[in-house]
Amino acid sequence: MFGIILFIMNLIIMTIVFYVAGVIVVGKRRALLSDAFVISLLGTVVGNICLLFFPTIIGLLLSLLVWLLLIRHYYETGWLGALAVAILAVIIFVVVLLLSLIHI
């Protein structure tokens, strides 16, 4: 039960992070909240499957490629735009994480 709750909370946070990063990088017309949700859901599931079958640097690279492909497809941007969204999403996620740790 705890794992399901953790997955849902992580999915909600990642959806918001990807939405904010997408709006900043590609604009509000192409970055929809529903797209951010799909990117978060599919990226998490497929990324974990990649890491399950390839628990090495290859799995990490495949997982990164999956995330970039999802961002590229759903936000209708190029590789550099997808990379910019991914980097900004990581930065936003780290800031949110640090703020939540300071608040506790």
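Tutor: A residue is called buried under 20% relative accessible area, exposed over 50%, and partly exposed in between, using a 1.4 Å probe and protein chains only. The model is a predicted one, in which local features need pLDDT of at least 70 and side-chain atom pairs count only at pLDDT 80 or more, while totals for chains, interfaces and linings use all residues. Residues are numbered from 1 along each chain as its sequence is written, and side-chain values use heavy atoms, with hydrogens and water left out.

Student: OK, so is Ala 82 buried or exposed?

Tutor: Ala 82 counts as buried, because its relative accessibility is 0%. It sits in helix H4, residues 79-103, where helices (H or I, at least four residues) and strands (E, at least two) are DSSP runs numbered from the N terminus.

Student: And what is Ala 82 in contact with, leaving aside its neighbours within four places in sequence?

Tutor: Ala 82 is in contact with Leu 68, Ile 71, Arg 72 and Thr 77 on that basis, contact meaning heavy atoms within 4.5 Å.

Student: What about Trp 79, is it buried or partly exposed?

Tutor: Trp 79, which is also in helix H4, has a relative accessible area of 41% and is therefore partly exposed. Leaving aside neighbours within four places in sequence, Trp 79 contacts Leu 65, Leu 68, Leu 69 and Arg 72. Between Trp 79 and Leu 69, which are 10 residues apart along the chain, the C-alpha separation is 8.3 Å.

Student: Switching to helix packing, at what angle do H2 and H3 pack?

Tutor: Helix H2 (residues 33-53) and helix H3 (residues 57-74) meet at an angle of about 160°, their axes being 9 Å apart. Those axes are lines fitted to C-alpha atoms, for helices over the stretch in contact, and the angles run from 0 to 180 degrees between N-to-C directions. H2 and H3 are therefore roughly antiparallel to each other, on a scale where angles under 35 degrees are roughly parallel, over 145 roughly antiparallel, 65 to 115 roughly perpendicular and the rest oblique.

Student: What kind of residues make up the contact of H2 with H3?

Tutor: That contact divides into 13 nonpolar, six polar and one charged residue, with Ala, Val, Leu, Ile, Met, Phe, Trp, Tyr, Cys and Pro counted as nonpolar, Asp, Glu, Lys and Arg as charged, and the others, Gly among them, as polar. Ser 63 of H3 is among those taking part. At 9% relative accessibility, Ser 63 counts as buried, and it touches Gly 47 and Cys 50 when residues up to four places away in sequence are not counted.

Student: And how do the axes of H1 and H2 cross?

Tutor: The axes of helix H1 (residues 2-26) and H2 come within 8 Å and cross at roughly 130°, and that makes H1 oblique to H2. By class, the contact of H1 with H2 has 10 nonpolar, three polar and no charged residues. Thr 15 lies in helix H1 and is buried, with a relative accessible area of 7%. Beyond its neighbours within four places in sequence, Thr 15 contacts Leu 33, Ala 36, Phe 37 and Ser 40.

Student: How about H1 and H4, at what angle do they pack?

Tutor: H1 and H4 pack at about 130°, with their axes 8 Å apart, which makes H1 oblique to H4. Their contact is made up of 14 nonpolar, three polar and no charged residues.

Student: New topic: how many aromatic pairs does the structure hold?

Tutor: The structure holds one aromatic pair. It is formed by Phe 18 and Trp 67, which are stacked, at 5.4 Å centre to centre with 15° between the planes. The pair links distant parts of the chain, since Phe 18 is in helix H1 and Trp 67 in helix H3, 49 residues apart. Rings of Phe, Tyr and Trp (its six-membered ring) pair if their centres lie within 6.5 Å, and planes under 30 degrees apart count as stacked, over 60 as edge-to-face and the rest as tilted.

Student: Are Phe 18 and Trp 67 buried or exposed?

Tutor: Phe 18 and Trp 67 are both buried.

Student: Last one: where is the place of Glu 76?

Tutor: Glu 76 is in the loop between H3 and H4, and at 56% relative accessibility it counts as exposed. Its phi is near 50°, a positive value in a residue other than glycine. Most residues other than glycine have a negative phi.
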